[in-house]
Amino acid sequence: MKVCGFIICAMIFAVGLFSSCNKNDESIVGKWDLQSVVREKINNDNSADVQIDTLTMAKTSKNHMIFKKNGQAIFTGVDLIENRVVYNEIFDWSVSDDNKVLYLVSGRSGEDVLDDREIEILSLSRKQLVTRAKNIETDYTYISTNTYKR
(Lines give C-alpha, C1' and ligand atoms only; values in the text may rest on other atoms or scores of the structure.)
Protein backbone atom coordinates (compact mmCIF):
# COMPACT_ATOMS: atom_id res chain seq x y z
CA MET A 1 0.00 0.00 0.00
CA LYS A 2 2.86 2.38 0.81
CA VAL A 3 4.45 1.62 -2.58
CA CYS A 4 1.20 2.45 -4.38
CA GLY A 5 0.93 5.77 -2.49
CA PHE A 6 4.56 6.57 -3.32
CA ILE A 7 3.97 5.86 -7.03
CA ILE A 8 0.89 8.09 -7.09
CA CYS A 9 2.80 10.91 -5.35
CA ALA A 10 5.69 10.49 -7.78
CA MET A 11 3.32 10.68 -10.76
CA ILE A 12 1.67 13.85 -9.42
CA PHE A 13 5.11 15.40 -8.85
CA ALA A 14 6.21 14.50 -12.40
CA VAL A 15 3.07 15.97 -13.96
CA GLY A 16 3.56 19.19 -11.96
CA LEU A 17 7.24 19.34 -12.86
CA PHE A 18 6.69 18.90 -16.58
CA SER A 19 3.76 21.29 -16.73
CA SER A 20 5.71 24.01 -14.91
CA CYS A 21 8.65 23.69 -17.31
CA ASN A 22 6.70 24.81 -20.38
CA LYS A 23 8.53 27.55 -22.21
CA ASN A 24 6.96 30.64 -23.75
CA ASP A 25 7.97 29.35 -27.16
CA GLU A 26 5.11 26.86 -26.84
CA SER A 27 2.52 29.39 -25.66
CA ILE A 28 3.52 31.95 -28.27
CA VAL A 29 2.43 29.54 -31.02
CA GLY A 30 -0.69 30.76 -32.80
CA LYS A 31 -2.11 33.89 -34.40
CA TRP A 32 -1.72 37.30 -32.74
CA ASP A 33 -3.54 40.47 -33.87
CA LEU A 34 -1.84 43.82 -33.26
CA GLN A 35 -3.97 46.03 -30.99
CA SER A 36 -1.79 49.05 -30.24
CA VAL A 37 1.72 50.48 -30.55
CA VAL A 38 3.45 52.98 -28.28
CA ARG A 39 6.37 54.42 -30.23
CA GLU A 40 9.12 56.51 -28.66
CA LYS A 41 11.35 58.60 -30.91
CA ILE A 42 14.50 59.64 -29.04
CA ASN A 43 17.00 62.14 -30.43
CA ASN A 44 20.45 60.52 -30.32
CA ASP A 45 22.13 63.90 -29.72
CA ASN A 46 19.72 64.95 -26.96
CA SER A 47 18.14 62.11 -24.97
CA ALA A 48 15.70 64.58 -23.36
CA ASP A 49 14.19 65.17 -26.82
CA VAL A 50 11.58 62.39 -26.85
CA GLN A 51 8.40 62.16 -28.88
CA ILE A 52 5.84 59.51 -27.87
CA ASP A 53 3.01 58.40 -30.16
CA THR A 54 0.28 55.93 -29.26
CA LEU A 55 -1.26 54.22 -32.25
CA THR A 56 -4.37 52.09 -32.07
CA MET A 57 -5.20 49.86 -34.94
CA ALA A 58 -7.71 51.56 -37.21
CA LYS A 59 -10.42 49.77 -39.09
CA THR A 60 -8.46 50.55 -42.26
CA SER A 61 -5.69 48.02 -41.66
CA LYS A 62 -5.08 44.67 -40.04
CA ASN A 63 -1.69 43.53 -38.79
CA HIS A 64 -1.04 40.12 -37.39
CA MET A 65 1.65 37.56 -36.81
CA ILE A 66 1.45 33.79 -36.78
CA PHE A 67 3.96 31.62 -34.93
CA LYS A 68 3.96 28.05 -36.19
CA LYS A 69 5.17 25.03 -34.22
CA ASN A 70 7.65 24.27 -37.01
CA GLY A 71 9.64 27.41 -36.08
CA GLN A 72 8.31 29.69 -38.81
CA ALA A 73 6.79 33.13 -38.09
CA ILE A 74 4.70 35.08 -40.60
CA PHE A 75 4.04 38.82 -40.21
CA THR A 76 1.32 40.29 -42.42
CA GLY A 77 -0.20 43.74 -42.85
CA VAL A 78 -3.34 44.26 -44.91
CA ASP A 79 -4.81 47.54 -46.12
CA LEU A 80 -8.55 46.89 -45.73
CA ILE A 81 -9.61 49.89 -47.83
CA GLU A 82 -7.58 48.85 -50.88
CA ASN A 83 -7.89 45.17 -50.00
CA ARG A 84 -4.19 44.48 -50.52
CA VAL A 85 -1.28 43.06 -48.58
CA VAL A 86 1.08 45.87 -47.53
CA TYR A 87 3.79 43.58 -46.16
CA ASN A 88 4.35 39.87 -45.72
CA GLU A 89 7.50 38.82 -43.87
CA ILE A 90 8.61 35.32 -42.98
CA PHE A 91 11.22 34.48 -40.31
CA ASP A 92 12.52 31.49 -38.43
CA TRP A 93 11.84 32.06 -34.74
CA SER A 94 12.96 30.91 -31.30
CA VAL A 95 12.70 32.13 -27.72
CA SER A 96 15.59 32.58 -25.27
CA ASP A 97 16.02 30.11 -22.41
CA ASP A 98 14.75 32.70 -19.92
CA ASN A 99 11.66 33.37 -22.12
CA LYS A 100 12.43 37.09 -22.34
CA VAL A 101 13.71 37.47 -25.91
CA LEU A 102 12.16 36.49 -29.23
CA TYR A 103 14.72 35.82 -31.97
CA LEU A 104 13.71 36.29 -35.60
CA VAL A 105 16.31 35.09 -38.12
CA SER A 106 16.60 34.23 -41.82
CA GLY A 107 13.91 36.75 -42.68
CA ARG A 108 12.54 37.23 -46.17
CA SER A 109 9.89 39.29 -47.87
CA GLY A 110 9.43 38.23 -51.47
CA GLU A 111 12.94 38.33 -52.92
CA ASP A 112 14.28 40.65 -50.18
CA VAL A 113 16.43 39.34 -47.34
CA LEU A 114 15.56 40.91 -43.96
CA ASP A 115 17.85 41.67 -41.03
CA ASP A 116 17.70 39.40 -37.99
CA ARG A 117 15.72 40.85 -35.08
CA GLU A 118 15.70 40.48 -31.32
CA ILE A 119 12.45 41.52 -29.66
CA GLU A 120 12.01 41.73 -25.90
CA ILE A 121 9.00 39.86 -24.49
CA LEU A 122 7.53 42.05 -21.75
CA SER A 123 4.58 39.77 -21.00
CA LEU A 124 2.94 36.70 -22.47
CA SER A 125 -0.32 35.07 -21.47
CA ARG A 126 -2.85 32.94 -23.29
CA LYS A 127 -4.69 36.04 -24.56
CA GLN A 128 -2.10 38.85 -24.70
CA LEU A 129 1.49 39.38 -25.83
CA VAL A 130 3.41 42.61 -25.18
CA THR A 131 6.76 43.14 -26.90
CA ARG A 132 9.35 45.89 -27.13
CA ALA A 133 11.77 46.44 -30.00
CA LYS A 134 14.58 48.96 -30.30
CA ASN A 135 15.85 50.34 -33.60
CA ILE A 136 18.88 52.65 -33.52
CA GLU A 137 19.31 54.87 -36.56
CA THR A 138 21.69 57.73 -37.32
CA ASP A 139 19.69 60.59 -35.80
CA TYR A 140 17.05 58.84 -33.71
CA THR A 141 16.43 55.72 -31.67
CA TYR A 142 12.95 54.21 -31.96
CA ILE A 143 11.44 52.04 -29.24
CA SER A 144 8.15 50.35 -30.08
CA THR A 145 6.02 48.63 -27.48
CA ASN A 146 3.42 46.48 -29.24
CA THR A 147 0.35 44.85 -27.69
CA TYR A 148 -1.16 41.81 -29.42
CA LYS A 149 -4.27 39.78 -28.62
CA ARG A 150 -5.43 36.37 -29.78
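## Terms and their grounds

Author: Phe67 and Trp93 are both buried, where buried means under 20% relative accessible area, exposed over 50% and partly exposed in between, with a 1.4 Å probe and protein chains only. The model is predicted, so local features need pLDDT of at least 70 and side-chain atom pairs pLDDT 80 or more, while totals for chains, interfaces and linings use all residues. Residues are numbered from 1 along each chain as its sequence is written, and side-chain values use heavy atoms, without hydrogens and water.

Reader: What makes Phe67 and Trp93 an aromatic pair, and of which kind?

Author: Rings of Phe, Tyr and Trp (its six-membered ring) pair if their centres lie within 6.5 Å; planes under 30 degrees apart are stacked, over 60 edge-to-face and the rest tilted. By this rule there are four aromatic pairs. Phe67 and Phe75, at 6.1 Å centre to centre and 85 degrees between the planes, form an edge-to-face pair, and both residues are buried. For Phe67 and Trp93 the values are 5.4 Å and 80 degrees, and this pair is likewise edge-to-face. Since Phe67 belongs to strand E3 and Trp93 to strand E5, the pair ties together parts 26 residues apart in sequence. Ring pairs join Phe67, Phe75, Phe91 and Trp93 into a cluster.

Reader: How do you know how many helices and strands the protein chain has?

Author: They are DSSP runs numbered from the N terminus: helices (H or I) of at least four residues and strands (E) of at least two. The protein chain has two helices and 10 strands, in the order α-α-β-β-β-β-β-β-β-β-β-β from the N terminus. Of its 150 residues, 31% count as buried.

Reader: Why is Ser96 called buried?

Author: Its relative accessibility is 9%, and therefore Ser96 counts as buried. Ser96 is placed in the loop between E5 and strand E6 (101-109). Its side chain reaches the backbone nitrogen of Lys100 at 3.2 Å.

Reader: Why are Glu120 and Arg39 called partly exposed?

Author: Glu120 has 33% relative accessibility and so counts as partly exposed; Arg39, at 32%, also counts as partly exposed. Glu120 is in strand E8, and its C-alpha atom is 8.7 Å from that of Val130, 10 residues away along the chain. Arg39 is in strand E1. Arg39 and Asp53 are 14 residues apart in sequence, with 5.2 Å between their C-alpha atoms.

Reader: What makes Lys41 lie over the face of Tyr140?

Author: A charge sits over a ring if NZ of Lys or CZ of Arg is within 6 Å of the ring centre and within 35 degrees of the ring normal. Lys41 lies over the face of Tyr140, at 4.4 Å from the ring centre.

Reader: How do you know which residues line the largest pocket?

Author: On a 1 Å grid over the protein atoms alone, a pocket is an open set of points where a 1.4 Å probe fits, with protein on both sides within 12 Å along at least five of seven lines; lining residues have an atom within 4 Å of a point. The largest pocket has 21 lining residues, of which Arg117, Ile119, Ala133, Ser144 and Asn146 lie nearest its centre. Elements giving two or more residues to the lining include strand E1 (30-43) and strand E10 (140-149). E9 supplies the largest share, five residues.

Terms used: Polar contact = N/O pair within 3.5 Å; in protein donor to acceptor, adjacent residues only side chain to side chain.
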